[in-house]
Amino acid sequence: MNREEALHVFRHSEEIVSAAEVNASIGRMAQAIRTEMSEDFPLVLSVMGGAAVFTGMLLPHLDFPLEFDYIHLTRYRNTTKGGSEMQWRVAPAESVKDRVVLVLDDILDEGETMAAIRDRILAMGAKRFLSAVLCEKLIQKDKPLRPDFCGFQVPDRYVFGCGMDAKGYWRNLPTIRALTDGA
Ligand SMILES: O=P(O)(O)OC[C@H]1O[C@H](OP(=O)(O)OP(=O)(O)O)[C@H](O)[C@@H]1O
Ligand SMILES: Nc1nc2[nH]cnc2c(=O)[nH]1
């Protein structure tokens, strides 16, 4: 990884969602989450590292009692295609038992990652599982689940920014961009 490569990736991309739209959408999502679960004292789990930016923007809007923790699993590992092998780096803690659990992630694409998280959390005895994602990718394939809360539906292209990487770069961007030809 190097700076030149990062700039090459950026030049071969275009903005699809502005920073203002990201902010507004997260505010609306927070309101929907508040309506659904503010009485539940939920356990909110952020999926590292893609959900870091989304989590940092959403959490301050969730102004009701909750518990926060993180989990970490990956299947793309800095590539633009998901592999079949899911790698857990930090599994959920035992504290999910009997809890309403809300999992935050940056993107639900094929849904394999969120489905693996849901299955594990429910198998550990959670009372209810919900998911919130900044974006859901519109693809032709059937998905094992749909998000309960979603900021944006994005086209079937590789997207990055707002916590999502492109070849390991640009998680720090305040906008959502999509790769174009030649990246
Ligand atoms: O719906 P799916 O097709 O399963 O893809 C979604 C997952 O892919 C990305 O994670 P990645 O494995 O790239 O790890 P990262 O969070 O470190 O970027 C993203 O953060 C989601 O967790
Ligand atoms: N950064 C990023 N991660 C993903 N994981 C699954 N799809 C995507 C995508 O389009 N962008």
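Me: What order do the elements of the protein chain run in, from the N terminus on?
Reply: They run α-β-α-β-α-β-β-β-α-β-β-β-β from the N terminus. Helices (H or I, at least four residues) and strands (E, at least two) are DSSP runs, numbered from the N terminus. This is a predicted model, where local features need pLDDT of at least 70, side-chain atom pairs count only at pLDDT 80 or more, and totals for chains, interfaces and linings use all residues. Residues are numbered from 1 along each chain as its sequence is written, chains are lettered from A and ligands numbered from 1 in the order in which they are written, and side-chain values use heavy atoms, with hydrogens and water left out.

Me: How many helices and strands?
Reply: The protein chain has four helices and nine strands.

Me: How compact is the chain for 183 residues?
Reply: As compact as a globular protein of that length, because its radius of gyration is 16 Å, close to the 16 Å from the globule rule. The radius is taken over C-alpha atoms, and the rule is 2.2 Å times the number of residues to the power 0.38. Along the principal axes, the C-alpha atoms fill a box of roughly 50 × 35 × 30 Å.

Me: What percentage of the residues is buried?
Reply: 45% of the 183 residues. Buried means under 20% relative accessible area, exposed over 50%, and partly exposed in between (1.4 Å probe, protein chains only).

Me: Which residues touch the most other members in the largest nonpolar core?
Reply: Ile33, Leu102, Leu134 and Ile176, out of 36 residues in that core. A nonpolar core is a set of buried Ala, Val, Leu, Ile, Met, Phe, Trp, Tyr and Cys residues joined through side-chain atoms within 4.5 Å.

Me: And which elements supply at least two residues of this core?
Reply: Helices H1 (3–11), H2 (19–37) and H3 (52–58), plus strands E5 (100–108), E6 (128–137), E7 (149–154), E8 (159–160) and E9 (176–179). The largest share, six residues, comes from H2.

Me: What does Leu102 touch?
Reply: Leaving out residues up to four places away in sequence, Leu102 touches Ile33, Met37, Leu43, Val44, Leu45, Leu130, Ser131, Ala132 and Phe149. Contact here means heavy atoms within 4.5 Å.

Me: Which residues does the second core include?
Reply: Leu45, Met114, Phe129 and Val133 are among its 18 residues, and this core is separate.

Me: Changing topic: where is the cis peptide bond at Gly49?
Reply: The bond runs from Met48 to Gly49, with omega near -15°. Gly49 is in the loop between strand E2 (43–48) and H3. Most peptide bonds are trans.

Me: Which residues does His72 touch?
Reply: Met48, Gly49, Gln87, Trp88, Arg89 and Val90, not counting residues up to four places away in sequence. His72 is found in strand E3 (residues 67–74).

Me: His72, buried or exposed?
Reply: His72 counts as buried because its relative accessibility is 19%.

Me: What about phi at Cys162?
Reply: Cys162 is not a glycine, yet its phi is positive, about 55°. Most residues other than glycine have a negative phi. Cys162 is in the loop between E8 and E9, and at 1% relative accessibility Cys162 counts as buried.

Me: And Trp170, what is its phi?
Reply: Trp170 has a positive phi of about 70°, again without being a glycine. Trp170 lies in the loop between E8 and E9 and, at 19% relative accessibility, counts as buried.
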